[in-house]
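Subject: Structure handover

Hello,

Here is the structure for you to look over.

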Amino acid sequence: MRRMVRRSVSPDMGSPELGSAATNVLVAVVVIIPLVALLWVPFYAKKAPELFGFPFFYWYQFLWVFITAALTFVAYLFVRRNDIDRRDERQVDRDGGHRR
Amino acid sequence: MSLSIGPRAGVDGTALTVVIVLFVFVTVLGFAAARWRRAANLATLDEWGLGGRSFGTFVTWFLLGGDLYTAYTFVAVPALMFASGAIGFFAVPYTIIVYPIVFVFLPRLWSVSHRHGYVTPADFVRGRYDSRGLSLAVAVTGILATMPYIALQLVGIQAVLEVMGVGSSSNEFLSDLPLIVAFALLAAYTYTSGLRAPAMIAFVKDFLIYIVVIVAIIYIPYKLGGYHKIFAAAEGALPKKPVKVPGSLIIGAKGMWPYATLALGSALALFMYPHSITAVLATKDRNVVRRNAALLPAYSLLLGLIALLGYMAIAAKVKPIGLNGKPNAQLAVPQLFENLFPSWFTGVAFAAIAIGALVPAAIMSIAAANLFTRNIYREYFERGADPAREAAVSKVMSLIVKLGALLFVFFLDRTTAINFQLLGGIWILQTFPAIVIGLYTRWFHRWALLLGWAVGMSYGTVVAYQQVNLDTKKHFGSPTALIDSIGQKGYIALTALVLNFVVVIVATLILRAVKAPAGRDHTTDDDYWADEGDPRIEPIPELVN
């Protein structure tokens with residue numbers, strides 16, 4: 001079950017290791033942004049402006065449900081590609097080690 | 001207006017009938033689930049407890065959602081909103097930030113667990129640190145912390161039964177009847193089909209819940225004159241509640257630290273629970289975990305809208321009075337439903353809440369039982385137990401865990417049920433350094449981790465005990481306590497975790513200086529990246545002792 005190696009090395013990311021570093025940064029950003037946005041309570045602990053009858057305090061947090069889901073999904077796409085790279089790398093190592 | 005009436009006298013026949021019919025339906029499904037996807041042999045622990053580890057994105061989504069959509073969501077959080085206002089909304093940031101956090105570390109746990117056949121977090125700790133003591137600590141904490149979480153579910157079912165008119169205030173036994181019925185239901189139905197039953201039932205449950213939620217968040221605000229009016233009513237009523245600590249619509253300066261720490265502490269704690277980890281390990285490949293992290297926030301949205309039912313109960317002037325004649329905020333949402341819905345739909349809503357409490361309670365007790373069997377029973381009582389024996393022990397243990405939960409309900413303050421879950425969080429979070437940090441580095445010394453855990457557990461328990469509810473005068477009355485160094489109140493779980501970390505770091509430095517034996521690491525770096533289809537990843541590997 002040998003895999004196609006070429007497929008995974010994308011032109012914008014260079015080598016798999018570079019891709020891996022970029023992915024790590026991206027994942028870190030995805031985690032940190034919602035954490036800061038939601039745990040820094042003074043930022044949104046206010047009533048105005050209201051939206052559809054919801055005080056700011058409430059709709060702001062609802063908004064972050066969507067933003068966080070989107071961010072996490074983007075991170076998922078990146079990480080999945082990175083995983084494929086890693087696996088192919090190992091596959092190459094193994095195939096090189098003991099050829100059948 | 002008829003909106004302000006209290007509990008109806010006697011039993012609501014129509015509602016009760018609907019609830020019973022739905023319950024019977026679900027129970028039949030549960031038993032039929034034992035044959036779902038035709039497991040080769042349900043008598044092994046992997047099959048009974050992990051559903052054979054073959055769940056894909058969709059089933060996992062429902063299963064993990066089952067952990068969130070519980071009595072916590074439907075009863076405890078709205079009750080806190082009803083009684084104290086904005087602080088109860090911390091559940092929303094909690095359930096949002098949990099997924100990015102999960103996204104980062106759970107795939108690693110999935111990989112290493114599948115390569116080594118780990119079924120519980122304690123298995124992992126044992127293999128990683130080569131420490132029976134640490135593994136035992138993690139197992140005991142998991143079982144202990146799960147009990148109050150299950151207790152919360154029992155309180156939820158009880159609330160529904162109580163509002164429906166089951167039981168009476170005429171004597172002790174009858175006033176606890178709703179609780180006893182709740183317990184019997186739960187115990188009876190987990191016993192036979194293990195994790196498959198809750199997975200199957202989760203579909204029905206979520207379907208029911210979606211209907212109820214959608215109706216509730218459209219129909220009720222419509223009846224009450226829109227969200228604007230609901231928030232206005234809450235703003236007016238919250239500060240005037242006849243309690244020692246009145247609430248507010250927007251979090252005040254004093255509430256910010258508790259709000260943020262409750263959200264963060266709960267988020268870090270959620271995936272330390274054995275039942276969450278069980279659900280994650282039952283997935284087919286490591287990316288199912290990640291895809292779910294992106295899909296699950298849909299649940300958070302509804303959770304937030306359900307939380308607002310607490311305000312709707314205020315706006316509808318609901319007066320939740322328990323069988324003992326005292327006000328009980330836990331009854332706010334069931335009472336709101338009963339006041340505003342026609343009887344038959346009240347029945348549907350109550351069934352949704354009750355089944356919604358039953359499913360996670362079942363998952364939790366199974367996970368805690370697995371933990372006991374693998375990491376305590378097999379380790380300390382019967383080394384050579386065969387798989388059938390293990391499954392038998394787990395079944396009995398799942399009953400004992402539920403009994404433990406019942407004790408929590410009897411001895412702690414039932415009027416703020418969310419405190420049950422938050423108490424569990426204080427304990428379970430103390431396993432964070434060993435599990436999560438352990439997924440990345442083995443720098444922490446195993447004995448240091450054990451010491452840090454002991455300090456965190458003792459500190460957390462003592463401080464939580466010292467918090468007395470000003471209104472009911474009961475201990476374990478608040479999940480937050482004053483942190484002297486910053487002069488703010490914070491979630492005890494986080495304070496204890498910080499203390500835990502400090503102890504671990506200092507002790508590690510000392511132990512490393514004196515070259516204390518670090519034990520053998522049974523895992524390799526490569527294990528943390530393994531995926532389905534890789535060498536040595538098998539669906540049901542048994543641990544080699």
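B:Gly156 counts as buried because it has 30 C-beta neighbours inside 10 Å. (Buried means 20 or more other C-beta atoms within 10 Å of the residue's own, exposed means 12 or fewer, and partly exposed is in between; C-beta atoms are placed from the backbone.) B:Gly156 sits in helix α7 of chain B. Its C-alpha is 29 Å from that of B:Leu497, a residue 341 positions away along the chain.

Two points on conventions. This is a predicted model, in which local features need pLDDT of at least 70 and side-chain atom pairs count only at pLDDT 80 or more, while totals for chains, interfaces and linings use all residues. Residues are numbered from 1 along each chain as its sequence is written, with chains lettered from A and ligands numbered from 1 in the order in which they are written. Helices are DSSP runs of H or I, at least four residues, and strands are runs of E, at least two, numbered from the N terminus.

Now the helix pairs. Helix α7 (residues 132-164) of chain B packs against helix α18 (residues 343-381) of chain B at about 160°, and their axes are 9 Å apart. That makes the two roughly antiparallel. (Axes are lines fitted to C-alpha atoms, for helices over the stretch in contact, and angles run from 0 to 180 degrees between N-to-C directions; under 35 degrees is roughly parallel, over 145 roughly antiparallel, 65 to 115 roughly perpendicular and the rest oblique.) The contact of α7(B) with α18(B) involves 21 nonpolar, seven polar and two charged residues. Here Ala, Val, Leu, Ile, Met, Phe, Trp, Tyr, Cys and Pro are nonpolar, Asp, Glu, Lys and Arg are charged, and the others, Gly among them, are polar.

Helix α22 (residues 446-466) of chain B packs with helix α23 (residues 492-513) of chain B at about 155°, axes 8 Å apart. This pair is roughly antiparallel too.

Next, α5 (residues 91-116) of chain B. It has 26 residues. A kink of about 40° is centred on B:Val102. (The bend at a residue is the angle between axes fitted to the seven residues ending there and the seven starting there.) In α5(B), 23 of the 26 residues are buried. B:Gly117 follows α5(B), with a positive phi near 70°.

Last, helix α14 (residues 286-295) of chain B. Nine of its ten residues are buried, so the rest of the structure largely encloses it. Among the buried ones are B:Arg286, B:Arg290 and B:Arg291.

Best wishes

Terms used
The expected span of a helix is 1.5 Å times one less than its number of residues.
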